[in-house]
Amino acid sequence: MSTASPLPGMAATPAPGRPSPANGSRPDSGAGAGTGAGAGPGRGESRPGPGGAGVGGAASRRRFGFGLLGPRRSRHELAPEQFEALALPVGDDGVVIGTDSRDAPAVLGVGRPTPFDAVLIGGAWTAQVIALRTVGTGARVAVETGRRQLWTPLAQAANSGQPCVTLHDVGRVPPQGASVHSPVLVVRDCGVRPPRGRVVAAPWQPVVTLLPYLGPDAPRLVTGADLVGVQRVSPEEAAQLGRLLGLGADDVAALPSLADGVTLWCATRARGAHMYVDVRPTAAEVGLLGAARRMD
């Protein structure tokens, strides 16, 4: 055991009645000292090592209330130019709805402190994947639909002991009581001409309106939404959406040929901000919902 100085401000004081083992001399052990079998250094004394130096000494004594002396290491320090190496790969907060063109996760923010309206012009399969993944984040999902039989298998699979997904007839969605601790995603699957809903977008309660194709109410819904998702549409619909969303000629030409699981998401408040997202379902999602499809 190596010798070390006591902590600053703490002096090594010999026990009362016992001489200090100075200069490596062996202190008198008191009564009972001798050379017999029971002879040896007294309690709290150090054994003389080679050359007369006490092995252990003051540092080997128990420092009551302070524990043993630990190892001495140099400080862990980084130069300023090394700080970037400590960065953590933290992405956006929300539901992963697929991957973008760079193969990076595309995230849809569901829990928002402000009202948020989204419109999806596509198939119910994509809306169901979004709803299922939203449940996986701990949020609730309320589905307003006239196709209850299409949503029942998803609701039964998601409701494992708790009503995570609730199904409601068109126009009969009750207040959801959304809060920061219990956000709710409302999915409106009400056909090409959805009526005005009783439950609208609110803090911690975003609304996703599903349109199978463009209809008479599509311009009003698209221009009033914060986010619009477009799946494969006809060339005429693509041209109309290009005017509504300010899409370039290349994007307008690409819409009629999109794959089943690909969606073009456009932020209406930021002109020209859009992203192609491929859903890429998991094996569990394929087993429950089937393969990606545009039409139901």
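These are my notebook entries on a predicted model of one protein chain.

**Entry 1: the overall count**

I started with the secondary structure, and the chain comes to 6 helices and 12 strands. I then looked up burial: of the 296 residues, 35% count as buried. Next came the contacts between residues at least 6 apart in sequence, and 61% of these join residues at least 24 apart.

**Entry 2: helix H2**

Which residues of H2 are buried? I went through residues 148-158 and found Trp151, Leu154, Ala155 and Ala158 buried. Looking down the axis of H2, I saw that these buried residues fall within an arc of 100°, so they line one face of the helix. A handy reminder for myself: an α-helix has 3.6 residues a turn, so residues three or four places apart point the same way. On the other side of H2 I noted Gln149 and Gln156, which are exposed.

**Entry 3: strand E11 and its partners**

I moved on to E11, residues 262-267, and found this strand mostly covered, with 5 of its 6 residues buried. I checked its pairing with E10 (residues 227-230) and counted 4 bridges in the antiparallel sense. In that pairing, Val228 stands opposite Cys266 of E11. I also looked at E12 (residues 274-278), which runs antiparallel to E11 and is joined to it by 5 bridges. There I picked out Leu264, which stands opposite Tyr276 in E12.

**Entry 4: Arg133**

Is Arg133 buried or exposed? I placed Arg133 in helix H1, and its relative accessible area is 16%, so I wrote it down as buried. I then listed what Arg133 touches, leaving out residues up to four places away in sequence. One group is Val95, Val96, Ile97 and Gly98, and another is Val279, Arg280, Pro281 and Thr282; Glu285 is also on the list.

I searched the whole structure for salt bridges and got 9. As background, side chains of opposite charge can pair when their charged atoms come close.

I opened the pair of Arg280 and Asp103, where the closest N and O atoms are 2.6 Å apart. Arg280 lies in the loop between E12 and H6, and Asp103 in the loop between E3 (95-99) and E4 (105-108), so the pair ties together parts that are 177 residues apart in sequence. Both are partly exposed: Arg280 has a relative accessible area of 44%, and Asp103 comes in at 49%.

Arg280 also meets Asp278 in a salt bridge, at 3.5 Å from N to O. I noted Asp278 as partly exposed, at 28% relative accessibility.

**Entry 5: Asp217 and Arg193**

I looked at another salt bridge, between the side chains of Asp217 and Arg193, at 3.9 Å from N to O. Asp217 lies in the loop between E9 (207-211) and H3 (218-224), and Arg193 in the loop between E8 and E9, so this pair ties together parts that are 24 residues apart in sequence. How accessible are the two partners? Asp217 counts as buried at 18% relative accessibility, whereas Arg193 counts as exposed at 55%.

**Entry 6: rings**

How many aromatic pairs does a search of the whole structure find? I got 0. I did find a charge over a ring, though: Arg112 lies over the face of Phe116, at 4.0 Å from the ring centre.

**Entry 7: backbone angles**

I finished with phi. Most residues other than glycine have a negative phi, and most peptide bonds are trans. Asp103 came up again here, with a positive phi near 65°; its place is in the loop between E3 and E4. I wrote down Trp204 too, with a positive phi near 65°. Trp204 lies in the loop between E8 and E9 and counts as partly exposed, at 22% relative accessibility.

Conventions:
Residues numbered from 1 in each chain as written. Predicted model: local features only at pLDDT ≥ 70, side-chain atom pairs only at ≥ 80, totals over all residues. Heavy atoms only, no water. Buried < 20%, exposed > 50% of the residue type's maximum accessible area, 1.4 Å probe, protein only. Helix = DSSP H or I, 4+ residues; strand = E, 2+ residues; numbered from the N terminus. Arc of directions from axis to C-beta. Phe/Tyr/Trp six-rings, centres within 6.5 Å; stacked < 30°, edge-to-face > 60°. Lys NZ or Arg CZ within 6 Å of the ring centre and 35° of its normal. Pairing = 2+ DSSP bridges. Contact = heavy atoms within 4.5 Å. Salt bridge = Lys/Arg side-chain N within 4 Å of Asp/Glu carboxyl O.
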